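I opened the model to look up two topics.

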Amino acid sequence: MSSVVQALASIKKRLVAATIFNALLNGTLIALILAPVFILFGLQWFYALVPAFPYTIYLAFVHAKKVRLAQAEERLPELEWQLRTTEDTLGVENEVVESLHQRVANKINDLHSRYLMDSKKVVHKVGGIAILLILTIVLSVFQVKLIDATNPESVTGLFSKVDGVKDSFIVAADKIKTTFSDRDLYGDEKVADLGNEELNLELKRDESEIDPGKDQGLHNKAFKQQDGAAIPWAVADASYNEDISDEDKAIVKSYFEKLTGDES
Amino acid sequence: MIEMARIKENFDRILDTAGEVVIGQREVIKQVVVAMLCDANVLLEGNPGLAKTLSVRTLAGLMDLKFSRIQGTPDLMPSDITGTYILEERNGKREFKFQPGPLFSNIVLMDEINRATPKTQSALLEAMQEKQVTAGNNTFPLDKPFFVLATQNPLEQTGTYNLPEAQSDRFLLKVLVNYPTPEEEMKIVDRYSEVLQEKVIKPIVSKNALLQLQQLVRKVPVANDIKHYVVDLVTKTRSHKELIEHGASPRASIGLILAAKAHALVEGRDYVNKEDVKIMACPVLRHRIILNFEAERNNFKEDDVVGYLQR
């Protein structure tokens with residue numbers, strides 16, 4: 001019985017090794033997929049190891065824990081149900097079980113580890129790794145970059161190069177800020193200053209002549225001429241006056257006359 | 001060391017030789033062999049004229065077993081099958097001597113069990129269960145191995161006493177005997193409409209060898225996953241109320257595992273696989289489940305429901 005126990009232990013070890021090898025292949029693939037992307041963004045290729053390495057460790061650990069003999073049976077149809085039956089009957093002693101254990105132990109000892117892996121998939125993965133490796137080397141050697149993520153100006157410069165958009169809203173906002181003054185926006189600087197001031201207004205009821213509860217005939221009331229707060233009013237600055245030449249006025253006038261068919 | 005290849009060879013010879021006598025019922029004979037290896041009884045259901053008796057008689061000859069046939073009739077008494085005491089004179093003295101009935105065989109074919117009275121059915125079922133017969137105050141053990149193959153005619157159910165479900169549960173398998181294919185029927189016509197040449201059947205497996213094989217079947221190992229699969233399947237027959245009124249008992253789980261082991265041995269394997277369980281599921285379960293009205297309304301048979309549960 002010890003030979004079959006050793007045989008089962010060895011096949012489990014080989015399964016775990018195959019699982020770890022698969023995880024390494026997958027991790028390498030991930031790293032080599034990310035490396036060209038990082039190079040194109042102006043970053044070093046080894047930054048791709050940052051996500052790939054923990055992913056590989058996680059894959060290897062999780063899948064190695066889940067290793068079961070059923071997985072080996074999937075790869076080896078001639079041993080279907082025999083490995084699991086052998087494992088489940090390790091403590092049983094009868095002639096049929098011994099015959100099964102002996103046969104399974106012999107088959108496992110003659111087995112090569114490559115039969116525990118899907119060789120087609122492995123070949124495809126290795127091929128993919130080779131192609132991605134060449135791509136990474138080429139991009140790295142020729143320093144091919146789409147944009148340089150380490151330089152912020154190149155990020156904004158990218159926007160200015162887009163056809164149909166002359167200025168980004170950030171650049172445009174800066175331009176507006178530096179080009180126009182308060183005078184351009186509000187006319188007189190004093191109006192802008194006035195607009196920024198806070199005015200405190202207070203109603204003085206006891207200075208008022210009117211007592212709505214007592215007085216009658218308010219419509220005949222003669223109000224004092226001098227009292228009352230001055231009505232604030234604004235005067236437009238002369239700079240707002242139209243400065244259209246007589247020639248231009250004549251053009252506009254004739255245009256409208258034509259539109260209305262000289263009715264006026 | 002067990003030579004599984006040799007065991008398979010012997011079983012193949014049994015099936016091939018039986019196939020030379022009985023045309024077109026290889027699967028039926030194989031299932032009966034499986035039941036015999038499990039030391040269990042079989043319910044055979046099929047229309048008249050499908051070589052049920054011939055199949056069982058042939059198997060008895062191939063396994064060197066004593067065969068007897070009982071025809072179920074409404075006037076059949078229990079003592080007609082178990083045996084009775086008769087008065088015998090010997091050396092001037094008269095004494096009662098027990099005359100064994102047809103139950104004292106290795107293979108008993110009970111034709112149309114549903115036509116016999118419930119009392120006679122009980123006497124037979126007692127023999128099946130206890131492997132002994134009680135007559136008067138005495139108990140007589142039956143010879144080993146002992147099998148009962150009971151047949152039921154699905155036609156002409158008038159005046160019959162259907163086996164209650166509790167009793168049909170005691171049969172390991174219910175085997176359906178179907179009509180042969182046209183090619184097989186041509187061969188049957190050629191053989192039996194011309195000059196009859198009775199084939200001499202020589203035993204391939206002895207009685208003792210059969211007893212040893214019965215012991216061997218119980219030693220065939222089963223993986224835990226297979227046991228879980230069997231228990232899940234039988235449990236589903238109890239929980240699937242949309243189609244099944246009454247499901248199978250744990251006796252069905254035991255029976256299915258045993259039948260799968262015997263099937264694996266007949267195939268020359270020293271382990272059970274899922275195919276063994278799938279093949280034996282219908283014969284083991286079809287007489288242990290009762291379908292509800294909804295299933296019957298949709299014309300589902302027990303085999304359809306068992307097949308559906310296995311998906």
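I began with the aromatic cluster formed by Tyr85(B), Phe98(B), Phe104(B) and Phe140(B). I took rings of Phe, Tyr and Trp (its six-membered ring) as a pair if their centres lie within 6.5 Å, with planes under 30 degrees apart as stacked, over 60 as edge-to-face and the rest as tilted.

The model is predicted: local features need pLDDT of at least 70, side-chain atom pairs count only at pLDDT 80 or more, and totals for chains, interfaces and linings use all residues. Residues are numbered from 1 along each chain as its sequence is written, chains are lettered from A and ligands numbered from 1 in the order in which they are written, and side-chain values use heavy atoms, without hydrogens and water.

Tyr85(B) and Phe98(B) are edge-to-face, 5.5 Å centre to centre with 65 degrees between the planes.

I then looked up Phe98(B), which is buried at a relative accessible area of 12% (buried is under 20%, exposed over 50%, partly exposed in between; 1.4 Å probe, protein chains only). The rings of Phe98(B) and Phe140(B) have centres 4.0 Å apart and planes at 10 degrees, so this pair is stacked. Phe140(B) is partly exposed, at 21%.

Next I turned to the interface. The rule finds three salt bridges between chain B and chain A (a side-chain nitrogen of Lys or Arg within 4 Å of a carboxyl oxygen of Asp or Glu). Arg103(A) and Asp270(B) form a salt bridge at 2.4 Å, N to O.
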